[in-house]
Amino acid sequence: MFKSILLLLVFSATTLVLGQNWQAFTDSIPTLSSARACDLNNDGIKDIVLGGGTDGVASNNGIMAYNGLNGNLLWKRAARNEVFGSAVFMDITNDGIKDVFMVGRQAQLLAINGANGNLLWDYFPYNTNPADSGLYNFYNPQFIADVTGDGLQDILVANGGDHAAPVWDTTRPPGHLMVVNSLNGQLLARLWCRIAPRPTVLLWWQISKGMAPNGFCTALAVKHSVATFGLASSRICSTTRLRPPFL
Ligand SMILES: [Ca+2]
Ligand SMILES: [Ca+2]
């Protein structure tokens with residue numbers, strides 16, 4: 001029973017007019033995900049999305065969306081591992097309802113239809129260990145200016161954190177800073193980062209070629225220290241476009 005950690009949400013006094021209060025309960029999972037609000041059923045009331053689960057364990061309660069009006073579950077999704085990220089929202093299905101982008105362990109970078117919880121794309125849909133491909137945890141993504149020219153903002157996200165490595169092992173896989181097509185999850189650019197000996201130093205980087213249809217490539221300028229876990233303490237200072245000869 002001690003593992004049956006309870007998830008409890010309490011949202012109170014959401015409106016002075018109706019004086020609404022509700023609680024929602026999801027059994028058997030902890031959560032490190034911060035709740036995010038977005039109207040997913042088009043009733044003018046923001047709904048609540050958050051992730052859950054335990055490190056190394058698949059869960060039927062990986063990502064949940066609760067009705068902001070009454071706390072009822074709008075939809076939920078199973079997850080192959082812990083979903084510790086916090087959602088960001090953008091409509092990529094053009095139905096007027098924003099879709100959900102969520103991250104977690106085991107290379108989970110997911111786009112989910114905000115209206116019904118259906119999976120739109122999974123960055124790593126393969127039934128293999130992503131560590132074999134050098135991929136570990138995805139950390140909270142953010143939207144950046146449109147790279148592909150389809151009018152949709154694209155995604156900048158960090159991946160890293162081989163927590164299976166012993167603490168004394170300083171030979172660790174690099175973290176990745178990645179630009180991903182928000183429409184389909186395609187990798188557009190990737191930056192490998194190792195631990196920097198001092199701030200503002202980026203030891204080495206590489207960007208995959210030919211990812212932008214206009215012949216330009218996106219380069220990422222990174223300052224400040226690069227943390228052990230990918231880019232947790234890094235600060236992304238700017239995005240610039242470079243012609244391929246400069247790469
Ligand atoms: Ca709503
Ligand atoms: Ca949508």
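What you have open is a predicted model, in which local features need pLDDT of at least 70, side-chain atom pairs count only at pLDDT 80 or more, and totals for chains, interfaces and linings use all residues. Residues are numbered from 1 along each chain as its sequence is written, while chains are lettered from A and ligands numbered from 1 in the order in which they are written.

Stay on Asn42 and look at its backbone: phi is near 60°, a positive value in a residue other than glycine. Most residues other than glycine have a negative phi. Asn42 counts as exposed because it has 11 C-beta neighbours inside 10 Å (exposed is 12 or fewer other C-beta atoms within 10 Å, buried is 20 or more, and partly exposed is in between, with C-beta atoms placed from the backbone).

Next, select Ala107, which lies in the loop between β8 (99-104) and β9 (108-112) and has a positive phi, near 55°. Ala107 has 24 C-beta neighbours inside 10 Å and therefore counts as buried.

From Ala107, move to Tyr123, which touches Ala107 as well as Leu109, Val180 and Gly185, not counting residues up to four places away in sequence (contact means C-beta atoms, placed from the backbone, within 7 Å). Tyr123 is in the loop between β10 (119-122) and β11 (137-138), and it counts as buried because it has 22 C-beta neighbours inside 10 Å.

Key
Helix = DSSP H or I, 4+ residues; strand = E, 2+ residues; numbered from the N terminus. Contact = placed C-beta atoms within 7 Å.
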